[in-house]
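Biologist: I am new to this model. Please take one part and look at it closely.

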Amino acid sequence: MYAPNPQTLQALRGSNIELVLDVPNGDLQRLANSTAAASKWVQDNVLNYYPDVKFRIIAVGSEVDPNNGVMARFAPLVLLAMSNVYNALASASLNDEIKVSIVIYSELLSSSFPPSVGLFEGAWFSFMVPIINFLQNTNSPLLVNIYPYFIHIGNPQNVPLSYALFTAQGVGVQDGQLLYRNLFDAILDATYSAVEKAGGPDVEIVVSESGWPSAGGIAASVENAGTYYRNLINHVKGGSPKKPGRAIETYLFAMFDENLKPGAQSLRHFGLFSPDKQPKYQNTWATTPLVESLVLYCTI
């Protein structure tokens with residue numbers, strides 16, 4: 001959930017559905033500047049529903065970019081807000097059960113090819129180092145949005161469709177002893193490399209969004225999207241070359257098409273289901289309980 005919604009939280013009572021709940025960027029200043037405000041936010045939106053609602057992660061801020069003029073104003077607030085929310089949970093003895101994190105996007109890496117050179121630089125390094133330190137100390141994951149689709153359409157000659165869809169034959173990238181056969185793994189491991197260099201060797205990465213549009217743009221089709229989702233589900237159970245044998249916690253974006261969303265037409269077609277609740281993909285993975293370590297991202 002991108003923001004607390006009382007009706008939705010009420011509906012989730014007793015559902016046993018684990019929830020990632022965002023602190024909207026617009027709330028960051030208030031929560032960063034006041035421990036009382038952070039405590040009230042946690043009380044109103046978490047404790048009032050716990051334990052009937054199972055909160056997994058509180059994501060404080062979403063895709064804050066210190067290099068973006070509009071978004072940069074939020075950057076100095078993120079860590080303070082994270083710390084205040086964490087302390088409010090700790091006061092209720094829930095800091096081990098409910099983790100506090102932040103959502104970033106994979107394109108922020110200044111270097112990512114090959115994956116071992118993944119790096120945060122400049123303003124991003126200054127922004128991320130204290131956050132990574134916080135995550136390391138609190139045993140919390142970093143949430144990262146990974147979209148091979150956008151990287152493919154931005155550079156189709158050098159990033160083949162098959163490499164983005166997990167269908168490439170053979171090795172796409174060799175990085176020392178590690179072999180990469182798909183773009184998803186390459187992006188994930190480049191981010192792991194950057195996180196390690198920022199001081200977080202033990203920080204786990206959770207893929208908070210990943211998906212493929214079924215219409216509205218280059219390479220956007222039901223066939224390609226179905227291939228991506230199916231292969232992603234099968235793939236994440238086995239880990240990445242850098243972290244083999246460890247399932248990658250991954251969230252599919254999204255459960256429903258956002259047919260009223262502004263911007264590029266493709267942005268309205270990422271759902272597994274149409275707005276009328278009809279499944280777009282006639283496969284068992286889209287209509288039955290999902291495999292372990294992967295869940296639907298319902299945009300509410």
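Does L188 count as buried or exposed?

Modeller: L188 counts as buried, because its relative accessibility is 1%. Buried means under 20% relative accessible area, exposed over 50%, and partly exposed in between, with a 1.4 Å probe and protein chains only. The model is predicted, so local features need pLDDT of at least 70, side-chain atom pairs count only at pLDDT 80 or more, and totals for chains, interfaces and linings use all residues. Residues are numbered from 1 along each chain as its sequence is written, and side-chain values use heavy atoms, leaving out hydrogens and water.

L188 sits in helix α8, residues 183-197. Helices here are DSSP runs (H or I, at least four residues), numbered from the N terminus. Setting aside residues up to four places away in sequence, L188 touches I146, I205, V207, S240 and I248. Contact means heavy atoms within 4.5 Å. K243 lies 55 residues from L188 along the chain, and their C-alpha atoms are separated by 9.8 Å.

Now step back to the domains. The protein is divided into domain 1 (1-97) and domain 2 (106-252), with bounds from an automatic or database domain assignment. Their centres, taken over C-alpha atoms, are separated by 25 Å. The contact takes 16 residues from domain 1 and 14 residues from domain 2.

Next comes the core. The largest nonpolar core has 87 residues, and F55, I58, L142 and F184 touch the most other members. Both domain 1 and domain 2 give residues to this core, so it lies between them. Such a core is a set of buried Ala, Val, Leu, Ile, Met, Phe, Trp, Tyr and Cys residues joined through side-chain atoms within 4.5 Å. Leaving aside neighbours within four places in sequence, the contacts of F55 include L9, L19, Y49, Y50 and I98. A second, separate core of seven residues includes I57, A59, V103 and L143.

Two helix pairs complete the tour. The axes of α4 (residues 75-91) and α5 (residues 122-138) come within 9 Å and cross at roughly 15°. That makes α4 roughly parallel to α5. Among the residues in this contact are V78, L79 and M82 of α4 and F127, I131 and F134 of α5. Helix α3 (residues 35-47) packs on α4 at an angle of about 60°, with the axes 8 Å apart. So α3 is oblique to α4. In that pair, T35, A38, S39, V42 and V46 of α3 meet N84, V85, A88 and L89 of α4. Axes are lines fitted to C-alpha atoms over the stretch in contact, and angles run from 0 to 180 degrees between N-to-C directions. Under 35 degrees counts as roughly parallel, over 145 as roughly antiparallel, 65 to 115 as roughly perpendicular, and the rest as oblique.
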